[in-house]
Structures are given as C-alpha cells and as structure tokens.
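Okay, thanks for coming, everyone.

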There are 2 protein chains.
Amino acid sequence: VSTGHWVEVEDGSPFPVENLPFGIGAIGPSGPRAFVAIGDHALNLGVLAEAGLLDGCGAPEGCFLEPNLNRFVAAGRAVASAARERLQELLGDPATVPPPEAVVERSSLRMGVPVAVGDYVDFYSSLHHARNLGRLFRPDSEPLLPNWRHLPVGYHGRAGTIVVSGTDVRRPSGLRLVGGSPSFGPTAALDIELEVGFVIGAASTRGVPVPAPTAGDHIFGFCLVNDWSARDIQAFEYQPLGPFLGKSFATSISPWLVTLDALEPHRVVPPPQDPPVAGYLRDDRPWGLAIELEVLLQSQAMRSAGADPLVVTRTRFDDMYWTPAQQLAHATVNGASIRPGDLFASGTVSGPDRGSEGSLIELTWRGERPIELPDGTTRAFLEDGDRVILRGWAAGEGATRIGLGEVSGTVVPASGE
Amino acid sequence: VSTGHWVEVEDGSPFPVENLPFGIGAIGPSGPRAFVAIGDHALNLGVLAEAGLLDGCGAPEGCFLEPNLNRFVAAGRAVASAARERLQELLGDPATVPPPEAVVERSSLRMGVPVAVGDYVDFYSSLHHARNLGRLFRPDSEPLLPNWRHLPVGYHGRAGTIVVSGTDVRRPSGLRLVGGSPSFGPTAALDIELEVGFVIGAASTRGVPVPAPTAGDHIFGFCLVNDWSARDIQAFEYQPLGPFLGKSFATSISPWLVTLDALEPHRVVPPPQDPPVAGYLRDDRPWGLAIELEVLLQSQAMRSAGADPLVVTRTRFDDMYWTPAQQLAHATVNGASIRPGDLFASGTVSGPDRGSEGSLIELTWRGERPIELPDGTTRAFLEDGDRVILRGWAAGEGATRIGLGEVSGTVVPASGE
C-alpha cells in the first residue's frame, strides 16, 4: 500500500510514519548501528547522516554509528524530536533520493539492546497488581501496604542482565522452601511480568530533583519489558531488602524505542489518586498512556505442531495508578541523578478483570486456575520450551495506532539439566 | 626513610610496596588516568607503559590512558597480578630510570571513581548488624529473618550515584512518617554505613554461575564504602521491595583499589556457619580478611576550631558471617552475569561490642545513647556540616600492614535550605 512515502507501509503496521521508533541493529558482517523502523523496513541513520540528510537536527557527530543510542538520546528531547520530524519530512518528500544502503528489510536486522542501561529501576505501579501480590504473598494482612498510595514503590534491578527480545532465558536455580526447608534447585515457579518501560534521554544533576512537570524533557522513549521472575526464590529471599536473585537472571526488552512524541496523541488522563499525593508528585499533564497490551504463550509442543501462540492476557496501561512523570520525580526527589540510557519500568500491568493480569501467578492464582493450552497441557508457571511474547500498541481515540512491537523469549532448561 | 626503592615510603604508610593499589587520578589540566599509589607518591601507569616499562604484563594496549580502570581489570586476575609484580620489580631495582613525569605527589592528584560501575550490589553480611537492625526496625519479632543464615541477603543499589571520597553529600528529602502521617521534607535521620566492597575484574557469562572456589579469579580489588542512608525515608518506603530513596542519593567509595594479591597475607578463616550452607556456598578457602576499620566524625564547629575528627567506631572485618566468595557465588548462582567494574559491598560492618557498630542508628541506638562531640554537641544522626571519614587497613598477624586508605564525605544542607 503506497502512502506517498518512498518506503511503503502496510495498513496496520506497528511502525507507520507517525511512529518512527529508534533501535540498534546489525546487518550482514557490519557492527551494530542506529536504525529507525518504518513498516517492514528500517532506515540506517548512520548512512542518512553521512549523506547529509539529517543535517540540522542537532544529533551529535557520529552518534548513529555507535553500538548504542546513548550519545544520541543524551542530546535531549529537542534533538530527538528534530530527528524524528526530519525523517518524517524526508519520507514524505518523493524527491528524496536516499543512498540505496540506507533502506533495509527490517527482518534482516539482528536487533540489540538499544541503549547501554546505566541503572534499571522497576516500579510497582498497578493497583490491581499490588493488591493481587499482597493477597498472594501476605494472605493474612491488608494487601496494600501503608506506603503504596503515598509514593510509587520501586527498587533497583540488575542492569547487566537486560537482554533484547528473542534472547533465550535459562531457568534459574536458587534456594526456595521445599516442605518448609530451604533447598537448592531450579525454580518451580518461573513467571513473567508484563511491563512498559521508559528510557532516559537527557541526564540530570546529582543533588537536583527532576520536577514532575518537566519529566518529559528527560524521557526519550518507551519499550515493552518482560521482568522474568522466579516466585519461589523471590518468596524466600525478599525480606527485608527486596527481590534479588528472583529477578536478576534476565529482563527482556523490545528492541524499538517509541518516542514520547509518537505517543503524544495517545496521552489520556490517569485515574484519580486518593489520598492526594505530596507536592512533588503533583502534575496536571495527562500522563496516562492509552496502550493496549497482551501476553501470548506458546509451548514447545505447540510450536512443533505449528499452532499459533495463545493469547492469555489482554490488558491496558491507561489505568496505571502511578505515572511515568511521578516515577521519575520520585526517583530523583532525594537528589539521585539519572543518566542517558537508564531504564525505568512500570511494574506488572494488571487490570481489574480475569484475563487482564500481567503475570502468571496472578492469572492462575498460583496454580489454582491453570491455563489450558491447545496442546492438551496446563500451566501454573512456565515450563522449559515455553515461549512468551508480549505485544503492545498505543490506540488512543482518533489517532493512528502506534506499535511498541513485541518482546519474546523462550525458556531453556536450568544449567546441568 | 629509604627502603631501597627509588620512591621512598614512610614507615606506617598505608601504601607500602607490598600494597600498590590502583586508582584513577587527574593532575593539572590532564584528563583522568590510571595511577598506582606508593607511599606519598603515585606512579602514572600510562607514562610507564608508554616507556615500555610494563611490557609483558598483558595489560591491554592503552588501557592506562582511559578515564577508568575497566579495560585493565577486565583482563583478569593474572594480568592484574603481573602488573603489580612488575611494578614491585621496577620499584625494587635501583637501576630503573622512570620518566620523571611518571612519579607525582599523591596529594596533587584529583582522584575519581576508579571504575565505571555497571551494577552495584549491597549485602547484609554482618550478623551483629542484621541483628541490631532487626531489633530496631522490627522490635516485635525475631531479629534475624528465617533466610538470613541460609543465604547472603543482598539487593541492588544505584550505580549512578557512586561518588569518590571527598565528594559532598547533600541531605536528601523524601516522604517519612511524622506523627504517624507521611510528610515530605529533609531526612531527620541521616546515617552512614561502614562497609568494605570489592570490584569485579573478569566478566562471567550469563547463564553460567561463578562457583565459590573460583570467585577470586573474578575479584580485582577492595575499597571502603560509605553507604549513606536516610533511616526515616527508608523505614517508610522499604516494604515490600527493599530500600530505594533511603539509599540511592549517594554511595561514597575510597579511590584506591587494593588488589586481592595485596590482601593474600591477611586472609583468615571466617567464623563457622550454622546451619551448614547449601553446596554452592561452600568453600574451604580462608575468605575472612583481617581488616581493621574505624569511623571518624568531625562537625563543622570542630573543623573551625581545628579539632581532630573523633573516632566513634572501631571494628573488624574478619568476623563477617558471609564472605566475598559466598556473595559472588550467590549473586551469580541464578545465572546472572557480572561485568568488569561491578561493585559488591559487604553491608554494614558491626561488631558485637559497644563502639564497634558501623552505623549511627546502631551506635546511638536511634538516639537513645547519643554521641558526645568535643564541640559540646551530641549526635543521634548526622547534622549539616558533619564530615564522616572511614578508614581501614589489613593488619593480619606477621604481615606488613596494607592500607585501604579512607573515604570521607561532608553533609551539605538539603536543596532549598
């Protein structure tokens, strides 16, 4: 379908000209480079820049030839906006004659993690998820802890084990309670967490908080995050310092960073907060994002039989209790600085209804209501060979749909098995 | 005092020829470079390498001209050992004629954080500290949680706010309970944590645990760590995901990394562990380190009056319950990988006796027994203007003392005050 652009985009593509997400890909023997996705193609930004087609955007010299986007995103929101707008102009101008090597088939790229992640912070911002986990982990007490409605609870995850979509995930081993006693072995409760993350562009200064109203100046773009979790390891270890080995073995992210600009038409008013939050968390901007999300599961047997992945969860991001702006304002209010490439993830996105939960422990209620797969088996948690796919797209009313793409990963057996 | 070396070393220096710790310093207008400390001097490794004096060590070309030690430490233990031994040979050989710019006064260097820290993990490995904090934070329950003797409890801290000794620390603000209600403002319970950390040299592979018996192959060297803590912010936020803003505003480290080789003569048998630990945590090597530690405090008024800092804590590292090898084996047993420059800190080092506690909350028992300063004031927690200095030295029986140097920091008022 021609759209008047020199790269054609099929209807329904996650990556129309209104999107233009940035990523890092490699093709043939060449090293990783910066690309922008458009339909089934991708534009090699290094080639376009060398041809002078991105002049005037303010992107630092040579930043698109590096193996990550850090130097580009560090230049800040205005540069990112200018680069995306310039690309839209070029694509919309039939007179543009790009170097032939500037346009590649997207499927030919080997995608990488788009940024070198400095610090990775994971929040806990869905009311439904926090309530569900409270009920499951602390059945004898009030599910929401006293702090939950006052601040966006979060913690630091492991940046060094962030991997890109498509990377296999080895089943972790660790200590978990078996018959009431700690015992070492592979997790028997391997789970996923469906999350949406954002990547920092412009840095902040240590000692100087980022106010919620200016958070957008520091956010480069969004991706999907699968925060793999070993629930049994987590349950034994997490008191009093929080999750560690139950999470640190792998966190998968989607390869294309969708800019805040591309998501502007999909911003909505977030749910009201009660009680009112502290001043530093207040912001009238519509920081809800009308993103629809789904989780798909495909066993090894389903793959062998050619069966499509099964949708197990459908949910929405727009009713998250705590917003990205609040998360960023909170994380920096103590003077902690942020660096280009830092990743902030939302925490599991769960809705209020059955089938809208963003983790298996919630979806199956720790196995009480297992998922039935078309291969005749059931799942409480993940089995070896299972592939999990998270998909997301912004679909605000009256606006072109903007895909976040997908993040997938397949479980491989524990070491020594 | 001449020692037969071409750089003289005063008796009692923390940095005799048996030490030779590595760091990153800048002098005059030049950028940061790799140095080794010797007595009151430092050797510019880039200059020595360019003069061919470090040939054959296996250090990667140009690695000493970089603003951090990452590429050097990534080369692994054997290269670090060879470089240190080569420097000892050179220093012991009166015939060595180093380029004059290779030797600088140590006090002329502006020291930096010696490595770009990828991930920072903080443990909780002192039995006395864990018991004390349990009593203070959870007075109605058993102070040691059920997992504590089974695994080295730890969590991820913020790598991006690790600062070098001498950096001022701004008092953080955040939400804390005031009269039972959450209220925003500067912490009223600013504390320190006296810790010893180690920096990773050789990387490991994701999915492949580092066995405890080979942990030493991945440890480049040790430093002192002050894990500044805002106890009131921490107390309100830390359930269920652990400390976040109460810790993430700053972590100070000493600038000179003391190699594992330099500490070899100071290894001792650690305390017995009961119950016996899981197989992956077992290792017969003497991973206790005979390091003596102290905390000094100096108020603004004391400084103005020329009064020396007051020693408020004296303690020892050799009775830590969990060892560095166990911490590393634990952190990777789930397949999490480590990268050169990752920092692992011990958690607060506290002894069993009054005056051996590594944090103010323990030392003053949350203010019940305040510290009396020579300026006539008392301290439960830190006041603006207070300077904290941590010092450490390995002093194993019959071996030359090996200093870890010191890490200092001065508290400056909260933003907007």
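Helices here are DSSP runs of H or I with at least four residues, strands are E runs of at least two, and both are numbered from the N terminus. And some housekeeping: this is a predicted model, where local features need pLDDT of at least 70 and side-chain atom pairs count only at pLDDT 80 or more, while totals for chains, interfaces and linings use all residues. Residues are numbered from 1 along each chain as its sequence is written, chains are lettered from A and ligands numbered from 1 in the order in which they are written, and side-chain values use heavy atoms, with hydrogens and water left out.

Now the helix. Which of its residues are buried? Among them are B:Val79, B:Ala80, B:Leu87 and B:Leu91. By buried I mean under 20% relative accessible area; exposed is over 50%, and partly exposed is in between, all with a 1.4 Å probe and protein chains only.

Staying in chain B, look at B:Ile192, in the loop between strand 12 (190–191) and strand 13 (194–200). B:Ile192 has a relative accessible area of 2%, so it's buried. Leaving out residues up to four places away in sequence, B:Ile192 touches B:Trp228, B:Arg231, B:Val295 and B:Leu390, among others. Contact just means heavy atoms within 4.5 Å. B:Ala230 is 38 residues away from B:Ile192 in sequence, yet their C-alpha atoms are 8.5 Å apart.

A:Ser299 lies in the loop between strand 20 (291–298) and helix 8 (300–304). It has 2% relative accessibility, so it counts as buried. What does the side chain of A:Ser299 pair with? It makes a polar contact of 2.5 Å with the side chain of A:Asp375. A polar contact is a pair of N or O atoms within 3.5 Å; within protein, one must be able to donate a hydrogen and the other to accept it, and residues adjacent in sequence count only if both atoms are side-chain atoms. A polar atom of the A:Ser299 side chain also sits 3.0 Å from the backbone nitrogen of A:Met302.

The other one is A:Thr251, in strand 16 (residues 251–253) of chain A. A:Thr251 is buried too, at 1%, and its side chain has a polar contact of 3.5 Å with that of A:Asp227.

Last stop, where the chains meet. The contact takes 57 residues from chain B and 58 from chain A. Together they bury about 5100 Å², 61% of it on carbon and sulfur atoms; buried area is the accessible area (1.4 Å probe) that two parts lose on being put together, summed over both. B:Arg158, B:Leu241 and B:Phe244 supply 16% of what chain B buries against chain A, more than any other three residues.

How many salt bridges cross this interface? Two, by the rule: a side-chain nitrogen of Lys or Arg within 4 Å of a carboxyl oxygen of Asp or Glu. B:Asp342 forms a salt bridge with A:Arg158, with the closest N and O atoms 2.9 Å apart.
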